[in-house]
Amino acid sequence: MIFAINEINQSPDILPHVKLGYKIYGNCGTMDILRAALALASGLKREIQDDHCTKTDTVQAILGHSGSRPTIAFAQVVGRFKIPVISHFATCACLSNRKKYPSFFRTIPSDYYQSRALAKLVKHFGWTWVGAIAVDNEYGFNGIMAFIQAAQEYGVCIEYSEAFSSSDRPKRLLKITEVIKQATSKVIMAFMSHREIKLLATALHRQNITGLQWIGSDAWITDHSLTDSEGHSILQGSLGFAVSKAKISGLGNYLKQLHPSQFPDSQFVRDFWEDVFDCSLSESVPTQQACSGSESLQNVDSQFTDVSELRFTNNVYKSVYAVAHALDRLIKCDAGGGLFSNVSCADPKQIQPWQVLQSLKSVNFTTKEGEQVYFNSDGDSPARYELVNLQITNKGTLAGETVGIYDASLPESHQFIMNNIPVVWGNGLTEEVPLSVCSEKCLPGTHKVLQKGRPACCHDCIPCPAGEISNLTNSIHCMKCPSEYWSNKQRNACIPKEIEFLSYNEILGTLLAIFSLLGVFLTTITFIVLYCHKETPLVRANNSELSFLLLFSLTLCFLCSLTFIGRPSEWSCMLRHTAFGITFVLCISCVLGKTIVVLMAFRATLPGSNVMKWFGPAQQRLSVLGFTLIQVLICILWLTINPPFPFVNMWLFKDRILLECALGSAVGFWAVLGYVGLLALLCFVLAFLARKLPDNFNEAKFITFSMLIFCAVWITFIPAYVSSPGKFTVAVEIFAILASSYGLLFCIFFPKCYIILLRPEQNTKRHIMGKTSHSDINY
């Protein structure tokens, strides 16, 4: 402060022809500081020795104090006299209250900004579960409350919040150490002074509680006396914000030129000099060598003359210059543009404290080092900090290493910047950032569910339900996938739903296709066998024309099942049901014709019967054609009115899309199926009536079995078709087609092929006719 005042008094640019004076009070304790402030406010007439100095009733500004508690005590009182108070270290956010402290200014940022910066620091490293300890006074309470409020905005939870003072009983400190020991959080925010942190570090060291990551306020993070505490190693890796380092040109040389003769009444200078040079300035101490007076600090390494770590010292320097600039504006005031509403300018010889107070509000200047100084409406300075990391040096002492910066005047995303300097953590490592969370992060695919009765940071990670995803860490909700998408197994992405239809590439489709082609093959072999033996009595006796037509229709039945396999299209949907209905009617018509022929043949063997002329080959062909044309007509009506069409079914299955053929008109489908069933039932009844006719004449017994199988298959098909899901509906329909086709093929034609190929001796006219004399009945 003295250096700055001397520098101003020697400068021609600021306060020319005016010299600043000062009075320094060095008393400690809140009451002594309050008395000193009242003494300064009451007047200094008796203190002034220079006759050329303007005599004022009160001082025009008070610089100090360094602590928040003493400043709170006297700033409110001095504020009533409108005397500006400028502190270089009182950081309590409460001092920004203009109603309580109308004349308070400071060149150090408020704890409000520090608390928010500390909360952002905690969030930056992913610590969401922290403890908080404060000094038991207004500075600690305001600081820690501002931190907690800002931390909660950033999603950080406070596990515990405790406060104590260096004057408390030891039991209070033991209780806090037990709270820390039992806590699960590994990060502690300590908003206290160097006295409390040293006591706490010592207590934790004695109980061997290590591995904690400390976050410190500027009141202790750069204090050089931390190394003096017993457990200072526990504080290794501490992080905190401190006022930015600065360089004050000329201060180092000024301090090294210090001599007791300059301050003969200063007890501090006398004690300092005797301690540095191990001599006595008083002749009354015979046991100690007297100082010669030629001692010099030029070649002495002392903490007093070390200007490499100027942090709060620079705030004092700025405070002096702030007052000087305020006075300079008052003295240089133009008459035409006054600073006050009632008078144009202040009287340079009678400047009042309230005038200095008003002028300070609009002070805005830049120091020689390029730092801008101004005060906001609450008397606070711009919030600029350095992030300091306490590291143990080779000498075993704690030293602060700057690893980042914080500037509240910058945009939100650029306020906090880390340097490329390794950080030593509380666990002694540099690579691995400590972890302090109540619950692990919820990875993508899960969402957070809060634990009942616990803070918001304590949660369980629950997997997203099927069809929902979360693609962010710590998601609160799961998002539903669009209708055409479904969640993957990890539940972190929506993927297109699987498209399902009965395909040739899958096992079920391949097997059904094989059985269909096998049926075509067996039908063809049967056709060849019968055709090669068409002149034999067995083939001729069983109406070869209808047999070949039946084999042809069975081939179509087997082939039509292939239309049900593959991706549904507009043509395949119309073809599969109509082809099925027409080919089966053709097939059943042939069987029905054969059944009627058997019955007629039996009637023709009776004496005087002439029934065969009513159902000869022409009538048989017409009956097959007539029955088939009826089915063709039904199909044409169905395709004309409301035909089947491909349909994307998205509601049957949630996780996949079903491609199927919609029936279009359900009446048309059931009409086609019902007509097939009607012919099959009629054929079954006729065959059943003819089942006991003489074996020599017929195949009615085999037709009965085949129709029995046919009807059983299609009766069971109906409930299976209705209840089968997805592609299995198509598979059931194909199975019914194949089963009924194989039933007709095996029951009707297998006995014939067996006799033709393996029992040729039975394939004779005599054996077929037996003892009957009507040898040309079936020819």
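**View 1. Contacts of Phe89 in the predicted model.** Phe89 touches His65, Ser66, Ile108, Asp218, Ala219 and Phe312, leaving aside residues up to four places away in sequence. The model shown is predicted. Phe89 lies in the loop between strand 2 and strand 3. Its relative accessibility is 21%, so Phe89 counts as partly exposed; the cut-off for buried is under 20%. Val243 is 154 residues away from Phe89 in sequence, yet their C-alpha atoms are 9.6 Å apart.

View 2. Strand 4 spans residues 129-135. Of its 7 residues, 7 are buried, so the strand is largely enclosed by the rest of the structure. Trp129, Gly131, Ile133 and Val135 point one way. Val130, Ala132 and Ala134 point the other way. Both sets are buried.

**View 3. Pairing of strand 4 with strands 5 and 6.** Strand 5 (residues 157-164) runs parallel to strand 4, joined to it by 7 bridges. Ala134 has Ala163 of strand 5 as its bridge partner. Strand 6 (residues 187-191) also pairs with strand 4 in the parallel sense, over 5 bridges. Here Ala132 stands opposite Met189.

**View 4. The β-α-β unit.** Strand 4, helix 5 and strand 5 form a right-handed β-α-β unit. Helix 5 covers residues 138-153.

View 5. Helix 11 runs over residues 353-361. Its buried residues include Pro353, Gln355 and Val356. Leu357, Ser359 and Leu360 are buried too. The buried residues of helix 11 pack against strand 2 (85-87), strand 3 (104-106) and helix 10 (312-331).

Technical notes. Residues are numbered from 1 along each chain as its sequence is written. This is a predicted model: local features need pLDDT of at least 70, side-chain atom pairs count only at pLDDT 80 or more; totals for chains, interfaces and linings use all residues. Side-chain values use heavy atoms; hydrogens and water are left out. Buried means under 20% relative accessible area, exposed over 50%, partly exposed in between (1.4 Å probe, protein chains only). Helices (H or I, at least four residues) and strands (E, at least two) are DSSP runs, numbered from the N terminus. Contact means heavy atoms within 4.5 Å. Two strands pair if DSSP finds at least two bridges between them. A crossover is right-handed if, with the strands pointing away from the viewer, the path from the first strand over the helix to the second runs clockwise.
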